[in-house]
Amino acid sequence: MEVLRPQLIKIGGRVYRKNPIQEQTYQHEEEDDDYYQGLVECAEEPCETYEVVQTPQGFRCTVKAPSLLYKHIVGKRGDTRKKLEVETKTSISIPKPGQEGEIVITGQHRSGVVSARTRIDVLLLTFRRKQPFTHFLAFFLNEAEVQERFLKFQEEVLEKCSMLLSHFSRVRLCATPESDSGSPPGSAVSGILQDHGVDSSIFQNPKKLHLTIGMLVLLSEQEIQQTCEMLQQCKEEFIDDISGGKPLEVEMSGIEYMNDDPGMVDVLYAKVHMKDGSNRLQELVDRVLERFQASGLIVKEWNSVKLHATVMNTLFRKDPNAEGRYNLYTADGKYIFKERESFDGRNILKLFENFYFGTLKLNSIHISQRFTVDSFGNYASCGQIDFS
(Lines give C-alpha, C1' and ligand atoms only; values in the text may rest on other atoms or scores of the structure.)
Protein backbone atom coordinates (compact mmCIF):
# COMPACT_ATOMS: atom_id res chain seq x y z
CA MET A 1 0.00 0.00 0.00
CA GLU A 2 1.38 3.46 -0.88
CA VAL A 3 1.37 6.08 1.88
CA LEU A 4 0.35 8.83 -0.52
CA ARG A 5 -2.29 6.69 -2.22
CA PRO A 6 -4.01 4.69 0.53
CA GLN A 7 -6.90 2.32 -0.08
CA LEU A 8 -10.28 4.06 0.13
CA ILE A 9 -13.36 2.36 1.51
CA LYS A 10 -16.82 3.71 0.61
CA ILE A 11 -19.55 3.19 3.19
CA GLY A 12 -22.96 4.82 3.25
CA GLY A 13 -22.03 7.58 0.83
CA ARG A 14 -18.84 8.46 2.68
CA VAL A 15 -15.23 7.60 1.84
CA TYR A 16 -12.79 6.46 4.52
CA ARG A 17 -9.03 6.04 4.28
CA LYS A 18 -7.47 2.76 5.35
CA ASN A 19 -4.41 3.53 7.45
CA PRO A 20 -1.07 2.19 6.13
CA ILE A 21 -0.17 -0.45 8.70
CA GLN A 22 2.16 -3.40 8.42
CA GLU A 23 0.39 -6.46 7.07
CA GLN A 24 0.58 -9.58 9.23
CA THR A 25 0.00 -13.20 8.35
CA TYR A 26 -1.88 -15.38 10.83
CA GLN A 27 -2.07 -19.12 11.12
CA HIS A 28 -5.66 -19.14 12.33
CA GLU A 29 -8.54 -17.17 10.96
CA GLU A 30 -9.76 -16.14 14.42
CA GLU A 31 -6.58 -14.16 14.96
CA ASP A 32 -7.49 -11.87 12.04
CA ASP A 33 -9.73 -10.00 14.46
CA ASP A 34 -6.68 -8.12 15.79
CA TYR A 35 -6.76 -6.42 12.39
CA TYR A 36 -9.21 -3.93 13.91
CA GLN A 37 -6.42 -1.94 15.55
CA GLY A 38 -5.40 0.91 13.28
CA LEU A 39 -7.78 -0.28 10.54
CA VAL A 40 -9.24 3.03 9.47
CA GLU A 41 -9.77 6.63 10.38
CA CYS A 42 -13.42 6.97 11.28
CA ALA A 43 -15.48 10.13 11.24
CA GLU A 44 -16.86 11.10 14.64
CA GLU A 45 -19.26 13.75 13.45
CA PRO A 46 -22.97 12.86 13.07
CA CYS A 47 -23.77 10.93 9.93
CA GLU A 48 -27.22 11.24 8.41
CA THR A 49 -26.94 8.03 6.37
CA TYR A 50 -27.54 5.85 9.46
CA GLU A 51 -30.91 5.42 11.09
CA VAL A 52 -30.31 6.18 14.77
CA VAL A 53 -33.37 5.99 17.01
CA GLN A 54 -33.67 7.94 20.26
CA THR A 55 -34.89 5.87 23.20
CA PRO A 56 -35.59 6.64 26.89
CA GLN A 57 -32.13 5.22 27.66
CA GLY A 58 -30.26 7.11 24.91
CA PHE A 59 -29.73 6.11 21.27
CA ARG A 60 -29.99 2.86 19.31
CA CYS A 61 -28.84 1.67 15.88
CA THR A 62 -28.97 -1.77 14.21
CA VAL A 63 -26.70 -3.43 11.64
CA LYS A 64 -27.70 -6.31 9.38
CA ALA A 65 -24.92 -8.77 8.65
CA PRO A 66 -24.59 -12.49 7.84
CA SER A 67 -23.79 -14.62 10.88
CA LEU A 68 -20.55 -15.80 9.23
CA LEU A 69 -19.06 -12.35 9.88
CA TYR A 70 -20.13 -11.97 13.54
CA LYS A 71 -16.87 -13.45 14.82
CA HIS A 72 -14.91 -10.59 13.26
CA ILE A 73 -16.89 -8.05 15.30
CA VAL A 74 -16.56 -10.10 18.47
CA GLY A 75 -12.86 -10.74 18.00
CA LYS A 76 -10.62 -13.21 19.73
CA ARG A 77 -11.82 -13.62 23.35
CA GLY A 78 -14.23 -10.74 22.67
CA ASP A 79 -11.38 -8.23 22.43
CA THR A 80 -12.61 -6.40 19.30
CA ARG A 81 -16.10 -5.79 20.65
CA LYS A 82 -14.71 -4.63 24.02
CA LYS A 83 -12.37 -2.20 22.31
CA LEU A 84 -15.20 -0.82 20.19
CA GLU A 85 -17.44 -0.38 23.23
CA VAL A 86 -14.75 1.38 25.26
CA GLU A 87 -13.67 3.76 22.49
CA THR A 88 -17.21 4.72 21.45
CA LYS A 89 -18.86 4.49 24.91
CA THR A 90 -21.54 2.14 23.60
CA SER A 91 -22.89 -1.33 24.21
CA ILE A 92 -22.87 -3.77 21.28
CA SER A 93 -25.14 -6.82 21.23
CA ILE A 94 -24.30 -9.53 18.69
CA PRO A 95 -26.39 -12.69 18.00
CA LYS A 96 -24.89 -16.01 18.99
CA PRO A 97 -22.87 -17.94 16.38
CA GLY A 98 -25.12 -19.62 13.81
CA GLN A 99 -28.10 -17.41 14.61
CA GLU A 100 -29.25 -14.81 12.10
CA GLY A 101 -30.29 -11.44 13.45
CA GLU A 102 -29.14 -7.86 13.86
CA ILE A 103 -26.19 -6.32 15.64
CA VAL A 104 -27.63 -3.76 18.07
CA ILE A 105 -25.66 -0.70 19.18
CA THR A 106 -26.87 1.41 22.13
CA GLY A 107 -25.33 4.37 23.88
CA GLN A 108 -25.94 7.63 25.73
CA HIS A 109 -24.62 9.79 22.90
CA ARG A 110 -25.66 9.73 19.27
CA SER A 111 -22.13 10.47 18.07
CA GLY A 112 -20.81 7.40 19.89
CA VAL A 113 -23.45 5.15 18.36
CA VAL A 114 -22.69 6.53 14.89
CA SER A 115 -18.96 6.02 15.41
CA ALA A 116 -19.48 2.41 16.50
CA ARG A 117 -21.75 1.78 13.53
CA THR A 118 -19.18 3.22 11.11
CA ARG A 119 -16.37 1.10 12.53
CA ILE A 120 -18.49 -2.03 12.44
CA ASP A 121 -19.34 -1.34 8.79
CA VAL A 122 -15.64 -0.99 7.99
CA LEU A 123 -14.85 -4.27 9.73
CA LEU A 124 -17.68 -6.07 7.94
CA LEU A 125 -16.58 -4.76 4.55
CA THR A 126 -12.93 -5.59 5.19
CA PHE A 127 -13.58 -9.17 6.22
CA ARG A 128 -16.21 -9.69 3.53
CA ARG A 129 -13.48 -8.92 1.01
CA LYS A 130 -11.40 -11.70 2.53
CA GLN A 131 -14.11 -14.28 1.86
CA PRO A 132 -13.79 -16.46 -1.28
CA PHE A 133 -16.24 -15.76 -4.08
CA THR A 134 -19.40 -17.84 -3.72
CA HIS A 135 -21.48 -16.83 -6.77
CA PHE A 136 -21.22 -14.95 -10.06
CA LEU A 137 -23.52 -13.20 -12.54
CA ALA A 138 -23.27 -14.82 -15.95
CA PHE A 139 -24.74 -15.69 -19.31
CA PHE A 140 -24.68 -19.42 -20.07
CA LEU A 141 -23.14 -20.31 -23.46
CA ASN A 142 -24.16 -23.96 -23.54
CA GLU A 143 -26.30 -24.14 -26.67
CA ALA A 144 -25.84 -27.34 -28.66
CA GLU A 145 -24.19 -25.70 -31.70
CA VAL A 146 -21.59 -23.92 -29.58
CA GLN A 147 -20.81 -27.04 -27.56
CA GLU A 148 -20.28 -29.04 -30.76
CA ARG A 149 -18.06 -26.36 -32.29
CA PHE A 150 -16.08 -26.11 -29.06
CA LEU A 151 -15.44 -29.87 -29.12
CA LYS A 152 -14.33 -29.48 -32.75
CA PHE A 153 -11.95 -26.72 -31.67
CA GLN A 154 -10.53 -28.94 -28.94
CA GLU A 155 -10.12 -31.86 -31.34
CA GLU A 156 -8.28 -29.77 -33.94
CA VAL A 157 -6.05 -28.04 -31.41
CA LEU A 158 -4.98 -31.38 -29.94
CA GLU A 159 -4.42 -32.78 -33.42
CA LYS A 160 -2.36 -29.86 -34.75
CA CYS A 161 -0.80 -28.28 -31.69
CA SER A 162 -0.29 -31.02 -29.11
CA MET A 163 2.86 -33.07 -29.56
CA LEU A 164 3.21 -36.24 -27.52
CA LEU A 165 6.52 -37.40 -26.13
CA SER A 166 6.46 -40.47 -28.38
CA HIS A 167 6.21 -38.22 -31.45
CA PHE A 168 8.98 -36.03 -30.11
CA SER A 169 11.20 -39.06 -29.64
CA ARG A 170 10.54 -40.33 -33.18
CA VAL A 171 11.38 -36.97 -34.75
CA ARG A 172 14.52 -36.62 -32.67
CA LEU A 173 15.69 -40.09 -33.66
CA CYS A 174 14.95 -39.45 -37.33
CA ALA A 175 16.53 -36.00 -37.43
CA THR A 176 19.70 -35.81 -39.51
CA PRO A 177 22.26 -33.02 -39.95
CA GLU A 178 20.94 -32.44 -43.47
CA SER A 179 17.21 -32.91 -43.97
CA ASP A 180 15.48 -33.24 -47.35
CA SER A 181 13.83 -29.88 -46.83
CA GLY A 182 17.10 -28.11 -46.31
CA SER A 183 16.09 -27.02 -42.79
CA PRO A 184 18.85 -26.63 -40.23
CA PRO A 185 19.47 -29.50 -37.83
CA GLY A 186 17.05 -29.65 -34.92
CA SER A 187 14.38 -27.46 -36.54
CA ALA A 188 11.71 -30.17 -36.36
CA VAL A 189 12.35 -30.63 -32.68
CA SER A 190 12.13 -26.87 -32.11
CA GLY A 191 8.75 -26.85 -33.84
CA ILE A 192 7.46 -29.44 -31.45
CA LEU A 193 8.69 -27.53 -28.42
CA GLN A 194 6.65 -24.53 -29.60
CA ASP A 195 3.51 -26.36 -28.45
CA HIS A 196 4.73 -27.00 -24.92
CA GLY A 197 2.02 -27.60 -22.32
CA VAL A 198 -0.95 -28.23 -24.64
CA ASP A 199 -3.04 -31.25 -23.66
CA SER A 200 -6.69 -32.20 -23.12
CA SER A 201 -6.65 -31.44 -19.39
CA ILE A 202 -6.61 -27.64 -19.83
CA PHE A 203 -9.81 -27.34 -21.92
CA GLN A 204 -13.03 -26.01 -20.43
CA ASN A 205 -15.99 -28.32 -19.86
CA PRO A 206 -18.26 -27.43 -22.83
CA LYS A 207 -21.34 -27.61 -20.58
CA LYS A 208 -19.89 -24.86 -18.40
CA LEU A 209 -19.07 -22.30 -21.10
CA HIS A 210 -20.24 -18.91 -19.86
CA LEU A 211 -19.73 -15.14 -19.90
CA THR A 212 -19.03 -13.69 -16.45
CA ILE A 213 -20.40 -10.24 -15.60
CA GLY A 214 -19.10 -10.07 -12.03
CA MET A 215 -18.10 -12.14 -9.02
CA LEU A 216 -20.14 -12.15 -5.80
CA VAL A 217 -19.72 -12.99 -2.12
CA LEU A 218 -23.17 -14.02 -0.85
CA LEU A 219 -23.09 -15.31 2.71
CA SER A 220 -26.75 -15.89 3.50
CA GLU A 221 -30.10 -16.67 1.90
CA GLN A 222 -31.08 -13.05 2.53
CA GLU A 223 -28.14 -11.85 0.44
CA ILE A 224 -29.06 -14.23 -2.37
CA GLN A 225 -32.60 -12.84 -2.28
CA GLN A 226 -31.22 -9.28 -2.27
CA THR A 227 -29.19 -10.14 -5.39
CA CYS A 228 -32.29 -11.52 -7.12
CA GLU A 229 -34.19 -8.34 -6.32
CA MET A 230 -31.33 -6.16 -7.56
CA LEU A 231 -31.20 -8.10 -10.82
CA GLN A 232 -34.95 -7.67 -11.26
CA GLN A 233 -34.58 -3.92 -10.69
CA CYS A 234 -31.93 -3.82 -13.42
CA LYS A 235 -34.33 -5.58 -15.77
CA GLU A 236 -37.12 -3.09 -15.11
CA GLU A 237 -34.93 0.03 -15.18
CA PHE A 238 -32.70 -0.54 -18.22
CA ILE A 239 -32.25 -4.15 -19.39
CA ASP A 240 -35.66 -4.28 -21.08
CA ASP A 241 -34.90 -1.03 -22.93
CA ILE A 242 -31.48 -2.23 -24.13
CA SER A 243 -32.63 -5.70 -25.14
CA GLY A 244 -36.00 -4.60 -26.52
CA GLY A 245 -37.57 -7.47 -24.61
CA LYS A 246 -35.87 -9.96 -26.94
CA PRO A 247 -32.83 -12.25 -26.72
CA LEU A 248 -29.54 -10.69 -27.77
CA GLU A 249 -28.17 -12.46 -30.86
CA VAL A 250 -24.42 -12.83 -30.57
CA GLU A 251 -21.55 -14.58 -32.31
CA MET A 252 -18.78 -16.41 -30.53
CA SER A 253 -15.71 -16.29 -32.75
CA GLY A 254 -12.01 -15.63 -32.57
CA ILE A 255 -9.62 -16.36 -29.72
CA GLU A 256 -7.38 -14.23 -27.54
CA TYR A 257 -5.13 -14.72 -24.52
CA MET A 258 -5.08 -13.01 -21.12
CA ASN A 259 -1.43 -12.30 -20.38
CA ASP A 260 1.27 -10.49 -22.36
CA ASP A 261 3.34 -13.40 -23.68
CA PRO A 262 1.74 -15.74 -26.27
CA GLY A 263 4.50 -18.22 -25.53
CA MET A 264 3.45 -18.46 -21.87
CA VAL A 265 -0.36 -18.53 -21.79
CA ASP A 266 -2.51 -19.46 -18.80
CA VAL A 267 -5.97 -18.46 -20.07
CA LEU A 268 -7.20 -18.58 -23.65
CA TYR A 269 -10.70 -17.27 -24.36
CA ALA A 270 -13.21 -16.93 -27.15
CA LYS A 271 -14.52 -13.49 -28.05
CA VAL A 272 -18.24 -12.70 -28.05
CA HIS A 273 -19.87 -9.81 -29.88
CA MET A 274 -23.31 -8.70 -31.06
CA LYS A 275 -24.30 -10.16 -34.41
CA ASP A 276 -25.71 -6.81 -35.58
CA GLY A 277 -22.43 -5.05 -34.77
CA SER A 278 -23.98 -2.89 -32.05
CA ASN A 279 -22.60 -2.23 -28.57
CA ARG A 280 -25.77 -3.28 -26.74
CA LEU A 281 -24.31 -6.32 -24.97
CA GLN A 282 -21.35 -4.35 -23.63
CA GLU A 283 -23.62 -1.50 -22.54
CA LEU A 284 -25.95 -3.91 -20.77
CA VAL A 285 -23.28 -5.76 -18.79
CA ASP A 286 -21.43 -2.54 -17.89
CA ARG A 287 -24.61 -1.03 -16.45
CA VAL A 288 -25.37 -4.20 -14.48
CA LEU A 289 -21.82 -4.15 -13.11
CA GLU A 290 -22.11 -0.48 -12.18
CA ARG A 291 -25.39 -1.05 -10.35
CA PHE A 292 -24.07 -3.99 -8.34
CA GLN A 293 -20.85 -2.15 -7.50
CA ALA A 294 -22.86 0.81 -6.21
CA SER A 295 -24.87 -1.52 -3.96
CA GLY A 296 -21.72 -3.12 -2.56
CA LEU A 297 -22.65 -6.59 -3.78
CA ILE A 298 -19.73 -6.58 -6.24
CA VAL A 299 -16.35 -5.18 -5.23
CA LYS A 300 -15.13 -2.68 -7.79
CA GLU A 301 -12.22 -4.12 -9.77
CA TRP A 302 -12.90 -2.79 -13.26
CA ASN A 303 -15.01 -0.01 -14.75
CA SER A 304 -16.01 -2.23 -17.65
CA VAL A 305 -16.73 -5.93 -18.17
CA LYS A 306 -14.23 -7.76 -20.38
CA LEU A 307 -16.51 -10.07 -22.34
CA HIS A 308 -14.83 -13.44 -22.77
CA ALA A 309 -15.59 -17.14 -22.68
CA THR A 310 -12.72 -19.16 -21.24
CA VAL A 311 -11.91 -22.15 -23.48
CA MET A 312 -8.50 -23.15 -22.08
CA ASN A 313 -7.10 -22.59 -18.60
CA THR A 314 -3.98 -24.08 -17.06
CA LEU A 315 -5.70 -24.22 -13.65
CA PHE A 316 -7.74 -27.12 -15.04
CA ARG A 317 -4.56 -29.14 -15.46
CA LYS A 318 -4.43 -30.08 -11.77
CA ASP A 319 -7.94 -29.11 -10.73
CA PRO A 320 -10.79 -29.81 -13.21
CA ASN A 321 -13.15 -27.87 -10.91
CA ALA A 322 -11.08 -24.70 -10.98
CA GLU A 323 -13.07 -21.72 -12.17
CA GLY A 324 -11.06 -19.37 -14.31
CA ARG A 325 -8.68 -16.60 -13.38
CA TYR A 326 -10.89 -15.58 -10.44
CA ASN A 327 -9.28 -18.38 -8.42
CA LEU A 328 -6.05 -16.40 -8.43
CA TYR A 329 -7.23 -13.36 -6.48
CA THR A 330 -9.26 -12.54 -3.41
CA ALA A 331 -12.00 -9.95 -3.75
CA ASP A 332 -9.67 -7.19 -2.52
CA GLY A 333 -7.13 -8.02 -5.22
CA LYS A 334 -4.59 -9.96 -3.17
CA TYR A 335 -2.74 -12.61 -5.12
CA ILE A 336 -3.26 -16.27 -4.19
CA PHE A 337 -0.41 -18.47 -5.29
CA LYS A 338 -1.48 -21.49 -7.33
CA GLU A 339 1.12 -23.59 -9.03
CA ARG A 340 0.38 -23.82 -12.74
CA GLU A 341 2.16 -24.81 -15.92
CA SER A 342 1.64 -22.32 -18.74
CA PHE A 343 1.36 -23.42 -22.38
CA ASP A 344 2.80 -22.07 -25.58
CA GLY A 345 -0.15 -20.62 -27.49
CA ARG A 346 1.61 -19.21 -30.54
CA ASN A 347 0.60 -21.96 -32.96
CA ILE A 348 -2.96 -22.04 -31.60
CA LEU A 349 -3.31 -18.29 -32.01
CA LYS A 350 -1.96 -18.48 -35.54
CA LEU A 351 -4.05 -21.45 -36.72
CA PHE A 352 -7.31 -20.66 -34.90
CA GLU A 353 -7.25 -16.87 -34.71
CA ASN A 354 -10.71 -16.59 -36.31
CA PHE A 355 -12.22 -19.92 -35.26
CA TYR A 356 -16.03 -19.74 -35.39
CA PHE A 357 -17.79 -21.23 -32.36
CA GLY A 358 -21.33 -20.41 -33.45
CA THR A 359 -24.23 -18.06 -32.77
CA LEU A 360 -26.24 -17.77 -29.58
CA LYS A 361 -29.33 -16.05 -28.30
CA LEU A 362 -28.59 -14.64 -24.87
CA ASN A 363 -31.91 -14.51 -23.06
CA SER A 364 -31.05 -14.88 -19.36
CA ILE A 365 -28.67 -13.59 -16.72
CA HIS A 366 -28.09 -16.16 -13.98
CA ILE A 367 -26.91 -15.93 -10.39
CA SER A 368 -24.67 -18.98 -10.56
CA GLN A 369 -23.22 -20.77 -7.55
CA ARG A 370 -19.58 -21.78 -7.77
CA PHE A 371 -18.49 -25.41 -7.40
CA THR A 372 -21.98 -26.75 -8.16
CA VAL A 373 -23.48 -28.70 -11.04
CA ASP A 374 -27.11 -28.81 -12.15
CA SER A 375 -28.87 -31.63 -13.98
CA PHE A 376 -27.56 -30.29 -17.33
CA GLY A 377 -23.94 -30.22 -16.20
CA ASN A 378 -23.82 -26.44 -15.86
CA TYR A 379 -23.46 -24.35 -12.71
CA ALA A 380 -26.49 -24.40 -10.45
CA SER A 381 -28.54 -21.21 -10.75
CA CYS A 382 -29.91 -19.49 -7.62
CA GLY A 383 -32.00 -17.07 -9.63
CA GLN A 384 -32.28 -15.44 -13.04
CA ILE A 385 -33.99 -12.83 -15.15
CA ASP A 386 -35.17 -13.44 -18.72
CA PHE A 387 -35.23 -10.86 -21.49
CA SER A 388 -38.29 -12.30 -23.19
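A: Happy to; we'll take helix packing and then a few loop residues.

A: This is a predicted model, in which local features need pLDDT of at least 70, side-chain atom pairs count only at pLDDT 80 or more, and totals for chains, interfaces and linings use all residues. Residues are numbered from 1 along each chain as its sequence is written, and side-chain values use heavy atoms, with hydrogens and water left out.

Q: Great. At what angle do α7 and α8 cross?
A: Helix α7 (residues 221-243) and helix α8 (residues 280-295) cross at roughly 150°, and their axes come within 10 Å. That makes α7 roughly antiparallel to α8 (angles over 145 degrees count as such). Axes here are lines fitted to C-alpha atoms, for helices over the stretch in contact, and angles run from 0 to 180 degrees between N-to-C directions. Helices are DSSP runs of H or I with at least four residues, strands are E runs of at least two, and both are numbered from the N terminus.

Q: Is the crossing of α7 and α8 left-handed or right-handed?
A: Right-handed for α7 and α8, meaning that the near helix is turned clockwise from the far one by less than a right angle.

Q: Which residues meet there?
A: On the α7 side they include Met 230, Leu 231, Phe 238 and Ile 242, and on the α8 side they include Leu 284, Val 288, Arg 291 and Phe 292. Contact means heavy atoms within 4.5 Å. The residues of this α7 and α8 contact divide into nine nonpolar, three polar and five charged.

Q: Where is the kink in α7 centred?
A: On Lys 235, with a kink of about 50°. The bend at a residue is the angle between axes fitted to the seven residues ending there and the seven starting there. Lys 235 is also among the buried residues of α7 (buried is under 20% relative accessible area, exposed over 50%, partly exposed in between, with a 1.4 Å probe and protein chains only).

Q: Switching over: how far apart are the axes of α2 and α3?
A: 9 Å, with α2 (residues 79-88) and α3 (residues 110-128) packing at an angle of about 150°. That makes α2 roughly antiparallel to α3. Their residues in contact divide into four nonpolar, four polar and two charged.

Q: Is Lys 89 buried or exposed?
A: Exposed, as Lys 89 has a relative accessible area of 63%. Lys 89 lies in the loop between α2 and β5 (90-93) and has a positive phi near 55°. Most residues other than glycine have a negative phi. Phe 371 has a positive phi as well, near 60°.

Q: Last one: is Leu 209 buried or exposed?
A: Leu 209 is buried, with a relative accessible area of 0%. Its place is in the loop between α6 (187-193) and β8 (210-216). Beyond four places in sequence, the contacts of Leu 209 include Phe 139, Phe 140, Val 146 and Thr 310.

Methods
Parallel < 35°, antiparallel > 145°, perpendicular 65-115°, else oblique. Nonpolar A, V, L, I, M, F, W, Y, C, P; charged D, E, K, R; others polar.
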